[in-house]
Amino acid sequence: KDEIRARIITHPMLGDPRLPSCRNNWNGMSPDAKLRFMGWLAERDIVFFFDHVLKRRDKHGRRSFWLKYVNSRLLIASRSFLSESAAYEIKNFNSDNEKINFGNLQHSGINRAAFILHFGDIVAVEFSEVGKVYIYLIEEFEKRFKLDLWTSVPIAESTLKCQYLHRDRMIPHYSGWEYKVTNILSRYGVRP
């Protein structure tokens, strides 16, 4: 799978279907094949975020939790956003000669990185430092995050960390957080 993904992502006629510059390359492609490939990309993005950016410091099992959802038919996109210091630490990282595409995070000193999973009607945002999972309805997310997920413009941490969300959708990483997040995702039809 890794070799196939690497060949597709670097192929000039295909590329990453999530990127604006490559989206038209995937016109006419089987929707199932495209979704499956996007799941492979999401899996790579999750592994990159938790293994290389967080350096496997994930005491709450967030990596394994999100990996269960990579094959969800509702997963539209996933992307990491890294602060300048976090990006510098992994500047030479390549996965099977694939350059990882990540955005720029302006941070307040608390979180050096963020990770976004877009599941159609809802968007989940995780941060490098253990805190909370923020789950937005798509309308709420688009209102705060007016730019394309694939922008090169730096995004402020505070933009991704809305304190006005309904408290049921700001889930702290305490015991049982997985159950709460699973219930919210299920309400919107997102299941592993």
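Guide: The questions below go from the whole chain to single residues.

Guide: This is a predicted model, in which local features need pLDDT of at least 70, side-chain atom pairs count only at pLDDT 80 or more, and totals for chains, interfaces and linings use all residues. Residues are numbered from 1 along each chain as its sequence is written, and side-chain values use heavy atoms, with hydrogens and water left out.

Visitor: How many helices and strands are there in the protein chain?

Guide: The protein chain has seven helices and seven strands, in the order α-α-α-β-α-β-β-β-β-α-β-α-β-α. Helices (H or I, at least four residues) and strands (E, at least two) are DSSP runs, numbered from the N terminus.

Visitor: What makes the radius of gyration of the protein chain agree with a compact globule?

Guide: The radius is taken over C-alpha atoms, and the globule rule is 2.2 Å times the number of residues to the power 0.38. For 192 residues a compact globule would have a radius near 16 Å, and the protein chain has 16 Å, so the two agree. The C-alpha trace spans about 45 × 35 × 30 Å along its principal axes.

Visitor: What share of the contacts in the protein chain is between residues 24 or more positions apart?

Guide: A contact means heavy atoms within 4.5 Å. Of the contacts with a separation of 6 or more, 65% are between residues 24 or more positions apart.

Visitor: Why is the pair of Trp26 and Phe37 called stacked?

Guide: The search of the whole structure finds 13 aromatic pairs. The ring centres of Trp26 and Phe37 are 5.4 Å apart and the planes are at 20°, so this pair is stacked. Rings of Phe, Tyr and Trp (its six-membered ring) pair if their centres lie within 6.5 Å; planes under 30 degrees apart count as stacked, over 60 as edge-to-face and the rest as tilted. Trp26 is in the loop between α1 (2-10) and α2 (31-53) while Phe37 is in helix α2, so the pair ties together parts 11 residues apart in sequence.

Visitor: And why is the pair of Tyr136 and Phe141 edge-to-face?

Guide: The centres of these rings, Tyr136 and Phe141, are 5.5 Å apart and their planes are at 65°, so the pair is edge-to-face. Ring pairs also link Phe65, Trp66, Tyr69, Phe119 and Trp177 into a cluster.

Visitor: How do you know whether Arg169 is buried or exposed?

Guide: Buried means under 20% relative accessible area, exposed over 50%, and partly exposed in between (1.4 Å probe, protein chains only). Arg169 has 11% relative accessibility, so Arg169 counts as buried. Arg169 is in the loop between α6 (157-160) and β7 (170-172). Not counting residues up to four places away in sequence, Arg169 touches residues including Tyr134, Tyr136 and Glu140.

Visitor: What about Phe127, buried or exposed?

Guide: Phe127 has a relative accessible area of 2%, so Phe127 is buried. Phe127 lies in strand β4 (residues 122-127). Leaving out residues up to four places away in sequence, Phe127 touches ones including Phe49, Arg62 and Leu160.

Visitor: Which label, buried, partly exposed or exposed, goes to Lys55, and which to Arg56?

Guide: Lys55 has a relative accessible area of 42%, so Lys55 is partly exposed. Arg56 has 63% relative accessibility, so Arg56 counts as exposed. Lys55 is in the loop between α2 and α3 (62-67), and Arg56 lies in the loop between α2 and α3. Lys55 has a positive phi of about 55° although it is not a glycine, and Arg56, not a glycine either, has a positive phi of about 65°.
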